[in-house]
Number of protein chains: 2
Amino acid sequence: MSHPPADRHGPESPPALIGLDWGTSSLRACLFDGLGGVVARRSRPWGIQHLPDGGYAAAFRGVVGDWRDHWPDAPVLAAGMVGSRTGWHEVPYVACPADATTIAAGIVPFTSECGLVHLVPGVVQDAPFPDVMRGEEAQIIGALAHDPSLAARSLIVLPGTHCKWARVEDGRVTRFTTYLTGELFAVLRDHSVLGRPSRDAGDGTDSSRAAAFRRGVETARQSGAAGVAGKLFTTRSLVLCGGLAAADALDYLSGLLIGEELRSALATHGDPAPAGVLVGDAALCGRYRTACAAFGLTGIRVLDDTGPLGLWRIALAARLVPAPPATASGQPRA
Amino acid sequence: MSHPPADRHGPESPPALIGLDWGTSSLRACLFDGLGGVVARRSRPWGIQHLPDGGYAAAFRGVVGDWRDHWPDAPVLAAGMVGSRTGWHEVPYVACPADATTIAAGIVPFTSECGLVHLVPGVVQDAPFPDVMRGEEAQIIGALAHDPSLAARSLIVLPGTHCKWARVEDGRVTRFTTYLTGELFAVLRDHSVLGRPSRDAGDGTDSSRAAAFRRGVETARQSGAAGVAGKLFTTRSLVLCGGLAAADALDYLSGLLIGEELRSALATHGDPAPAGVLVGDAALCGRYRTACAAFGLTGIRVLDDTGPLGLWRIALAARLVPAPPATASGQPRA
């Protein structure tokens, strides 16, 4: 290749790191300058369960092959399910309590067909109720870097297919719980009797859907200690009895499930305010924030796109990239 | 047809009723004598979502066509999803409180391609949390006929795809709740990350599976007011961390879900003893009874196969069959 990639960084500061967030359903890449700034981004639908022909190597070359060719000295750091047992190369988990330093110490250098790739370990919480994360640890480290006030004591919630509720104390993840909410919604929508009316009816209006969502959240909240086990079927019976439009039923179900997650988590963790924060996709975090408000939790902030900063911080802790120069105030920039 | 069907009843008492329990996944038929005794049974996998070529008429002829030809005077009474909106012919629900008399009053005679079929209505519970049943009402009426001590006040639990908890007072179903437990288990087993290890590993031993089931129930019980929302993922994380054999994971999940149903129902209904009874498939009811014992509910009885007696009682209330002669003690036999 005779020319650098079109989205190349300016020549005055050669890229210092290629970061990958490689999960189950997508593959996202960032190119960092020497101060941790993101100078280019790419995304492909090549999660580890949706690899292109040619597998991991083809996906890697497809998304960052030209970056690697042009800047062979920039290390590659990859977080997420790519390091799982079914991933490109398995990386053992590091245990709670975990921070950027312990995570960096667990990085595994892996010599792939595409050269050296540094794989970030996931985090494991031990018995009696073990739990695991892979990829979210980078988002958490990024959130703590973005807002250092969270480090002392906070509850970081990462909505998604498998929503994580992570307790941070003294800058370390001390424990966490996975809620299956996103996957539960998807399987009920696609495969159960609850999703059938909506599959036929299409979507309702924005306002009727928002109202159905709030109604589901409120039903979960009012279920008290019983929870929603005996309310899930109302997603169908309300439609049969004319009390809910089929086109709004999935939003009601979403409200029931997110509401149940909040109800259950509050019974476990107590009130997360004032140091509760939602991290992740803005639209989904917006749903969670609406649900939080129904539970009387206001002022919950949303942080989006903290993964790249987390990868950079982990790379710094692992000395894969040079420490940034001190600023005039004596504080490093990133 | 020149000969009566091979499973025909003796000529001394011509059949009085053909009863059908026609649900989502199966079609069961009973032939009754004039005293309500079952003299022949048949079953086909032709639920309304699994009809043979030729649809309802072909299924009907396939299972009871010869009975109808030989005993054209015997009425046909059918309960279950066959009377739903997506069934052979829709039958409006009757409202709670419901008993054999109000259910019989809601029967709809339907002139099908195969002649007259009397369709049993389902039962509806009104707002704010409407609920519906179709088919279970016949099992409940049968359970009350089988054990009249349940009529005054009892809680009748019918495990299945959509488990029903029905409160009976003064011989009438006064309210009920549907738990999605069976369907939830099936969609998580077949379509979620929780079922994947077991799909690959096959089944464990009987004793390891039973222990995993009890462990799941106990986890649900100990979850207290939080419920199992934050514990479902342990079905996977325990396997990943070596704390649960993949081959036993589905039994653990079954225990979690049935345990959550019990936890939630007890928070709603209170202690169902002493008048709690399980009605339905013996193996599934056995799981529920094991779970009940973990919650300290002992002495819960199991009644199987109450549907035919329920159909007969509904047919009597509808005067589709003649009232039985009084016995020497003045009590009718059935």
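Mentor: In this predicted model, contact means that heavy atoms lie within 4.5 Å.

Trainee: What makes you say that the copies meet through the same surface?

Mentor: Of the interface residues of chain B, 100% are also interface residues in chain A, so the copies meet through the same surface.

Trainee: Why is the pair of A:Trp88 and A:Phe110 called edge-to-face?

Mentor: The structure holds 14 aromatic pairs over all chains. For A:Trp88 and A:Phe110 the distance is 5.5 Å centre to centre, and the planes are at 80 degrees. Rings pair if their centres lie within 6.5 Å, and planes over 60 degrees apart count as edge-to-face, so both conditions hold for A:Trp88 and A:Phe110.

Trainee: What makes it a link between distant parts of the chain?

Mentor: A:Trp88 is in the loop between β4 (76–79) and β5 (94–95) of chain A, while A:Phe110 is in strand β6 (residues 108–112), 22 residues apart.

Trainee: How do you know whether A:Trp88 and A:Phe110 are buried or exposed?

Mentor: Buried means under 20% relative accessible area. A:Trp88 has 14% and so counts as buried; A:Phe110, with 13%, is buried too.

Trainee: What is found for B:Trp88 and B:Phe110?

Mentor: They form an edge-to-face pair, 5.5 Å centre to centre with 80 degrees between the planes. B:Trp88 lies in the loop between β4 (76–79) and β5 (94–95) of chain B and B:Phe110 in strand β6 (residues 108–112), so this pair ties together parts 22 residues apart in sequence. B:Trp88 is buried at 13%, and B:Phe110 is buried at 12%.

Trainee: Which residues form one aromatic cluster with A:Trp88 and A:Phe110?

Mentor: A:Trp22, A:Tyr56 and A:Phe60.

Trainee: Why is the charged end of A:Lys231 said to sit over the ring of B:Phe129?

Mentor: The charged end of A:Lys231 is 4.6 Å from the ring centre of B:Phe129, and the distance cut-off is within 6 Å. Within chain B, B:Arg287 lies over the face of B:Phe213, at 4.7 Å from the ring centre.

Notes
Residues numbered from 1 in each chain as written. Chains lettered and ligands numbered in written order. Predicted model: local features only at pLDDT ≥ 70, side-chain atom pairs only at ≥ 80, totals over all residues. Heavy atoms only, no water. Phe/Tyr/Trp six-rings, centres within 6.5 Å; stacked < 30°, edge-to-face > 60°. Helix = DSSP H or I, 4+ residues; strand = E, 2+ residues; numbered from the N terminus. Buried < 20%, exposed > 50% of the residue type's maximum accessible area, 1.4 Å probe, protein only. Lys NZ or Arg CZ within 6 Å of the ring centre and 35° of its normal.
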